[in-house]
Amino acid sequence: MIELETLAKVPLFKDVRAEALVYLQPHFKELEVAKGSVIIKDDTEGDQIFVLVKGSVQVTKDLVRGFDADQYLTNKVLAKLEGDSLPTFGENGLLGHGPRTANIIAVTDCKLYTLAKADFAKFAEYDYQAAYIVMKNIAQKLSLSLKATDDNLVKLATALYIAVQH
């Protein structure tokens with residue numbers, strides 16, 4: 001079981017009252033994965049969120065579709081996450097809106113905790129104010145990701161413009 005002290009430090013649960021975290025704690029399931037394991041596969045459905053507490057993972061995405069190119073050559077590493085900062089991923093699984101948007105691959109042996117969408121729904125019924133705080137934190141995280149994606153799209157369009165002009 002995830003320790004309360006650890007759960008309270010997870011950025012997604014920032015500002016959630018201790019009593020609410022006590023309710024949520026037993027719903028987290030421990031998951032150990034070996035180095036090289038695919039934790040989330042891009043464009044698949046999922047119904048859980050992950051909290052990385054030990055090890056490191058890479059967030060990758062295949063940037064070329066519709067060609068028979070080797071994925072090793074077209075897969076881009078978007079980020080590396082370390083368990084020390086207690087990152088979360090897979091928020092779409094908790095929200096239930098749309099497929100996964102990237103691959104998550106274990107770079108080392110990892111220890112994670114998962115929270116299923118159904119358990120989060122029970123939590124929201126138990127304490128809607130605490131669930132609102134979690135949803136607000138998810139929205140802020142997704143907003144930052146959207147901004148970064150927008151910045152990268154502008155860089156890509158600029159590079160394409162330059163390539164076409166020459």
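**Sheet and aromatic pairs**

An open sheet of four strands, arranged in the order 2-7-4-5 with antiparallel pairing, is present in this predicted model. Its edges are formed by strand 2 (38-40) and strand 5 (75-82), each of which pairs on one side only. On average, neighbouring strands of the sheet are turned by 30° against each other, with direction ignored. Within the sheet order, strand 4 (residues 56-62) and strand 7 (residues 103-106) are joined in the antiparallel sense over four bridges. Gln 58 has Ile 105, in strand 7, as its bridge partner.

Five aromatic pairs are found in the structure. In one of them, the ring centres of Tyr 23 and Tyr 126 are 3.9 Å apart and the planes stand at 5°, so this pair is stacked. Tyr 23 belongs to helix 2 (residues 18-24) and Tyr 126 to helix 5 (residues 117-126); the pair therefore ties together parts that are 103 residues apart in sequence. Tyr 23 is partly exposed, with a relative accessible area of 25%. Tyr 126 is also partly exposed, with a value of 47%.

A stacked aromatic pair is also formed by Phe 50 and Phe 89, with 5.5 Å from centre to centre and 15° between the planes. Phe 50 is located in strand 3 (residues 48-54) and Phe 89 in strand 6 (residues 88-89), so this pair ties together parts that are 39 residues apart in sequence. Both Phe 50 and Phe 89 are buried.

Ring pairs also link Tyr 23 and Tyr 126 with Phe 120 and Phe 123 into a cluster.

How values were computed: Residues numbered from 1 in each chain as written. Predicted model: local features only at pLDDT ≥ 70, side-chain atom pairs only at ≥ 80, totals over all residues. Heavy atoms only, no water. Phe/Tyr/Trp six-rings, centres within 6.5 Å; stacked < 30°, edge-to-face > 60°. Helix = DSSP H or I, 4+ residues; strand = E, 2+ residues; numbered from the N terminus. Buried < 20%, exposed > 50% of the residue type's maximum accessible area, 1.4 Å probe, protein only. Pairing = 2+ DSSP bridges. Axes fitted to C-alpha atoms, helices over the stretch in contact; angles between N-to-C directions.
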